[in-house]
Amino acid sequence: MKRSALAAALALSVAVSPAADIDFLTKAKPATGHSVMGKGEVEFAIPPQQARFIKLEAHGSGDFAAAAAEIRLVGKGGAVVDPKRWKLVGASGGEATAKSAYDADPATSWVVPAAPGPHWVAIDLGRVESFSALRYVPAADGSGAVGPFQLFVGHDGKAFDAIASGTLIGGAHGEG
């Protein structure tokens with residue numbers, strides 16, 4: 001698919017709301033500050049956070065796949081939080097490839113084969129980090145692109161609070 005056709009195919013609708021108001025499948029409202037960065041990379045603004053742990057959860061219907069070439073956090077001035085200290089807390093599947101979601105190599109991917117969801121990956125950032133945007137890079141081959149999602153933050157790696165929800169890559173979350 002040509003780059004312009006790929007960009008046109010990406011329908012973004014990202015919602016950011018307090019955890020108590022989240023109903024990511026029916027009440028998501030578009031947020032400001034989301035954009036397509038190139039090569040399918042999507043950035044979306046979230047309320048400013050300070051957290052040590054994050055969890056990205058992909059949702060779909062029936063059996064669906066999920067994948068991420070890169071998950072990145074963006075801090076002050078657009079600086080990407082360095083993932084060198086990051087460690088895997090856990091994943092719902094694809095554990096063998098889960099570290100690929102933050103290895104700074106877009107040629108590798110965390111991949112969960114088609115199965116009932118939600119599919120998730122939880123990451124220890126190594127220390128409390130400040131961030132206000134998340135970037136998502138789908139797998140290079142487009143398989144398992146995350147559509148409906150929720151983003152969570154935590155301070156102990158066990159309890160997480162939902163901070164954002166919406167759709168990263170419209171209609172391309174592994175179904176079909």
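This is a short tour of a predicted model, stop by stop. Local features need pLDDT of at least 70 and side-chain atom pairs count only at pLDDT 80 or more, while totals for chains, interfaces and linings use all residues. Residues are numbered from 1 along each chain as its sequence is written, and side-chain values use heavy atoms, with hydrogens and water left out.

**Stop one: Asp124**

Select Asp124, in strand β8 (residues 119–137); strands (E, at least two residues) are DSSP runs, numbered from the N terminus. At 12% relative accessibility, Asp124 counts as buried (under 20% relative accessible area; exposed is over 50%, partly exposed in between, with a 1.4 Å probe and protein chains only). Now show Arg52: a polar contact of 2.8 Å joins its side chain to that of Asp124. Such a contact is a pair of N or O atoms within 3.5 Å; within protein, one must be able to donate a hydrogen and the other to accept it, and residues adjacent in sequence count only if both atoms are side-chain atoms. Leaving out residues up to four places away in sequence, Asp124 touches Arg52, Phe53, Arg85, Trp86, Lys87 and Val89 (heavy atoms within 4.5 Å).

**Stop two: the aromatic pairs**

Rings of Phe, Tyr and Trp (its six-membered ring) pair if their centres lie within 6.5 Å; planes under 30 degrees apart are stacked, over 60 edge-to-face, and the rest tilted. The count comes to two aromatic pairs. Start with Phe44 and Phe149: their ring centres are 5.1 Å apart and the planes stand at 55 degrees, so this pair is tilted. Phe44 belongs to strand β3 (residues 41–58) and Phe149 to β9, 105 residues apart. Phe44 is buried at 0% relative accessibility, and Phe149 is buried at 0% too.

Next, pick Trp86 and Tyr102, whose centres are 5.9 Å apart with planes at 50 degrees, so they are tilted as well. Both Trp86 and Tyr102 are buried.

**Stop three: Lys55**

Colour Lys55 and look at its charged end, which sits over the ring of Trp120, 4.9 Å from the centre, and over that of Phe152, 5.5 Å from the centre. The rule asks for NZ of Lys or CZ of Arg within 6 Å of the ring centre and within 35 degrees of the ring normal.

Finish with β9 (residues 148–154) and β10, antiparallel strands joined by seven bridges; pairing takes at least two DSSP bridges. Gly154 stands opposite Phe160 in β10. Five residues separate the strands of this hairpin, and Gly157 in the turn has a positive phi of about 80 degrees. In β10 (residues 160–167), six of the eight residues are buried.

Methods: Helix = DSSP H or I, 4+ residues; strand = E, 2+ residues; numbered from the N terminus.
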